[in-house]
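Please keep the sequence and the structure in view while reading.

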Amino acid sequence: MEHCRLQQAGVALEAFFSRVCARLRVLGDVPKGRGSGLPTTSAGSPFHLWALGFLCTERHLAKRLKNNGFYPFTQQQPGVFVLEYYLDTLWKGLLLFFVCLVLVCSGFVRQVEKQETWGFPAYGMVVGLWLMISSLPRRRLVLNHMRGMYHFSIQGRTVCQGSMHLVYVRLALSSDAYGRCFFQLVLCGHKLEPLVLVQVSERYEQMEYLGRYIARKLNINYFDYLATSYRHVVRHWPVGASFSPGIVLRKKGVYSRPSSSQSDLEV
């Protein structure tokens with residue numbers, strides 16, 4: 001009896017995978033930039049941001065930058081950079097859905113101490129399905145320096161567009177219970193979903209170097225983890241702005257040269 005249930009679950013999983021793959025292929029054929037007036041050439045694999053946590057390190061990012069100096073974007077033409085991607089919650093939702101489906105079909109957690117517990121994996125299936133459905137539409141972000149604006153769309157529908165000063169690379173800081181500091185490198189923007197380029201690292205100098213490098217290649221702003229810092233690199237300002245309280249002028253002798261440990265990244 002249990003063998004039959006597992007076999008039926010396997011058939012259902014295979015059929016579902018086939019439908020999901022077919023759906024992704026259909027999404028990939030949808031015209032890009034519809035109604036945006038921006039270039040429409042495809043920009044590489046939409047799955048390249050699906051790096052696992054232990055792979056998403058500063059060394060992993062440096063290798064990507066050696067292969068593509070404009071990573072995670074693709075240069076479509078001079079001054080125009082395109083990024084197309086699916087949210088990583090798509091594969092996370094798939095994994096959650098199938099794990100909970102196997103648990104429900106196998107009956108492993110049907111009863112615990114004479115209490116019905118099958119509702120927990122069933123709830124997990126609903127959550128996983130919702131994650132998959134919400135993550136299926138392809139995202140597209142265009143940095144158009146020819147027009148001085150960015151454009152973000154989901155499945156060809158414009159979500160937002162605005163001036164280039166609203167898109168930036170930022171270094172984020174977090175700490176654990178022992179006081180150790182960890183840094184994340186994030187691509188952010190107004191009404192944009194934050195894209196983590198480096199998940200966690202304790203090497204501040206190398207993270208700063210990579211962030212500055214990406215911001216320079218893409219010609220966008222870079223911000224340090226401090227709100228007020230002379231390490232910010234501001235290339236684009238709001239229209240009419242002449243002063244920002246978050247920008248501190250660099251002083252001589254304050255900023256030391258990066259250590260030689262950065263050279264092993266070979267960016």
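Asn219 is found in the loop that runs between α5 (204–218) and β11. Its phi is near 60°, a positive value in a residue other than glycine. Most residues other than glycine have a negative phi, and most peptide bonds are trans. With a relative accessibility of 32%, Asn219 counts as partly exposed. The model discussed here is a predicted one.

A second residue of this kind is Lys191, which has a positive phi of about 65° although it is not a glycine. Lys191 lies in the loop between β9 (181–189) and β10 (195–201). Its relative accessibility is 56%, and it therefore counts as exposed, a term that applies over 50%.

The backbone also holds a cis peptide bond, from Tyr71 to Pro72, with omega near 5°. Pro72 belongs to the loop between α2 (58–67) and β1 (74–77).

**Confidence along the chain**

How far can each part of the prediction be trusted by the predictor's own score? The mean pLDDT of the protein chain is 75, and 64% of its residues reach 70 or more. Confidence is lowest in helix α1 (residues 2–28), where the mean is 47. It is highest in strand β11 (residues 221–223), at 95. Over residues 1–7 the pLDDT stays under 50, and the model has five contacts beyond four places in sequence for this stretch. Residues 252–264 also have a pLDDT below 50; beyond near neighbours in sequence, this stretch has 17 contacts in the model.

Is strand β5 (residues 139–144) buried or exposed? Six of its six residues are buried, so the strand is largely enclosed by the rest of the structure. Both faces are covered: Arg139, Leu141 and Leu143 are buried on one side, and Arg140, Val142 and Asn144 are buried on the other.

Which strands pair with β5? Strand β2 (residues 80–85) is joined to β5 by six bridges, and the two run antiparallel. Within this pairing, Phe81 stands opposite Leu143 in β5. Strand β6 (residues 149–154) also pairs with β5 in the antiparallel sense, over six bridges. Here Val142 stands opposite His151 in β6. β5 and β6 form a hairpin with four residues between them, and Gly148 in the turn has a positive phi of about 70°.

**Aromatic rings**

A pair of aromatic rings is described by the distance of the centres and the angle of the planes. The structure holds six aromatic pairs. The table describes two of them.

| Ring pair | Distance between centres | Angle between planes | Arrangement |
|---|---|---|---|
| Phe70 and Phe81 | 5.1 Å | 40° | tilted |
| Tyr168 and Phe223 | 5.3 Å | 85° | edge-to-face |

Tyr168 is partly exposed, with a relative accessible area of 23%. Phe223 has a relative accessible area of 17% and is buried, because that term applies under 20%.

Other rings form a group: ring pairs link Phe183, Tyr204 and Tyr225 into a cluster.

**A place in helix α3**

Val99 is found in helix α3 (residues 89–106). At a relative accessibility of 44%, Val99 counts as partly exposed. The C-alpha atoms of Val99 and Pro121 are separated by 8.3 Å, and these residues are 22 residues apart along the chain.

How values were computed:
Residues numbered from 1 in each chain as written. Predicted model: local features only at pLDDT ≥ 70, side-chain atom pairs only at ≥ 80, totals over all residues. Heavy atoms only, no water. pLDDT = per-residue confidence, 0-100. Contact = heavy atoms within 4.5 Å. Buried < 20%, exposed > 50% of the residue type's maximum accessible area, 1.4 Å probe, protein only. Pairing = 2+ DSSP bridges. Phe/Tyr/Trp six-rings, centres within 6.5 Å; stacked < 30°, edge-to-face > 60°.
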